[in-house]
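Here is a short report for a reader new to this structure.

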Amino acid sequence: MSWTAARAALDSRMSALNIGTAKIAWPNVPLDAQTSLYYAVHFLPATVHPEMSGADHESGIYQVSVFAPAGHGIGPALTKAQAVADHFKRQNLNGISCGVPTLSPPVTEPNWLQIAVSIPFVCL
């Protein structure tokens, strides 16, 4: 499977998440200035695991960062980050197997609180 096909399957799953009025910042696609919660998506290809049979299994991390305005507590961002993790946990997406997502510790910037959800995947 190609990296393009893997990214397309993962992006499609992300698009199916119920995010209400929030927006998704897709890689290399401009997003208007945000003042409310939004998601940023990063496709991070990693290693290829060759098998004795000659098949190659690509793997990587599909990272979704939840950004919430600073100064409103961690609750809303943590709830959204957990929803992302639950949405991807152990999903099989047309030859893409997602593992168990992990949430990063919150990172506070002057205007934003960020929680990254790292979703491991392997192309079968």
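## Strands around E8

Strand E5 (residues 96–98) pairs with E8 in the antiparallel sense, over 3 bridges. Two strands count as paired if DSSP finds at least two bridges between them. Helices (H or I, at least four residues) and strands (E, at least two) are DSSP runs, numbered from the N terminus. This is a predicted model, in which local features need pLDDT of at least 70 and side-chain atom pairs count only at pLDDT 80 or more, while totals for chains, interfaces and linings use all residues. Residues are numbered from 1 along each chain as its sequence is written, and side-chain values use heavy atoms, with hydrogens and water left out.

Strand E6 (residues 102–103) pairs with E8 in the antiparallel sense over 2 bridges. Strand E7 (residues 107–108) also runs antiparallel to E8, joined by 2 bridges. A hairpin of 3 residues links E7 to E8.

| Partner of E8 | Bridges | Residue | Opposite residue in E8 |
|---|---|---|---|
| E5 | 3 bridges | Ile96 | Cys123 |
| E6 | 2 bridges | Leu103 | Val117 |
| E7 | 2 bridges | Val107 | Gln114 |

How enclosed is strand E8 (residues 112–123)? Of its 12 residues, 10 are buried, so the rest of the structure largely encloses E8. Buried means under 20% relative accessible area, exposed means over 50%, and partly exposed lies in between (1.4 Å probe, protein chains only).

Helix H1 has 13 residues. From its first C-alpha to its last, H1 reaches 18 Å, close to the 18 Å expected at 1.5 Å a residue. The expected span is 1.5 Å times one less than the number of residues. The buried residues of H1 are Ala6, Ala9, Leu10, Asp11 and Met14.

Helix H2 (residues 75–88) has 14 residues. In H2, Ala77, Ala81, Val84, Ala85, His87 and Phe88 are buried. Seen down the axis, the buried residues of H2 fall within an arc of 165°, so they line one face of the helix. The arc is taken from the directions from the helix axis to the C-beta atoms.

## One salt bridge

A salt bridge is a side-chain nitrogen of Lys or Arg within 4 Å of a carboxyl oxygen of Asp or Glu. By this rule the count comes to 1 salt bridge. Asp11 pairs with Arg7, and their closest N and O atoms are 2.7 Å apart. The two residues are 4 residues apart in helix H1 (residues 3–15), so about one helical turn separates them. Asp11 is buried at 11% relative accessibility. Arg7 is partly exposed at 35%.

## The core and Tyr39

A nonpolar core is a set of buried Ala, Val, Leu, Ile, Met, Phe, Trp, Tyr and Cys residues joined through side-chain atoms within 4.5 Å. The largest one has 30 residues. Leu10, Met14, Tyr39 and Tyr62 have the most contacts inside this core. The elements giving it two or more residues are H1, strand E2 (38–50), strand E3 (56–69), H2, E5 and E8. E8 gives the largest share, 6 residues. A second, separate core has 5 residues, including Tyr38, Ala40, Phe67 and Trp112.

Tyr39 lies in strand E2. Tyr39 is buried, with a relative accessible area of 2%. Which residues does Tyr39 touch, not counting those up to four places away in sequence? Among them are Met14, Ile19, Ala22, Val64, Lys80 and Val84. Contact means heavy atoms within 4.5 Å. Tyr39 and Asp11 are 28 residues apart along the chain, and their C-alpha atoms are separated by 12 Å.

## Two positive phi angles

Asn28 is not a glycine, yet its phi is positive, near 60°. Asn28 sits in the loop between strand E1 (23–25) and E2. It is exposed, with a relative accessible area of 82%.

Arg90 is not a glycine either, and its phi is positive at about 55°. Arg90 follows H2, in the loop between H2 and strand E4 (92–93). At 59% relative accessibility, Arg90 counts as exposed.
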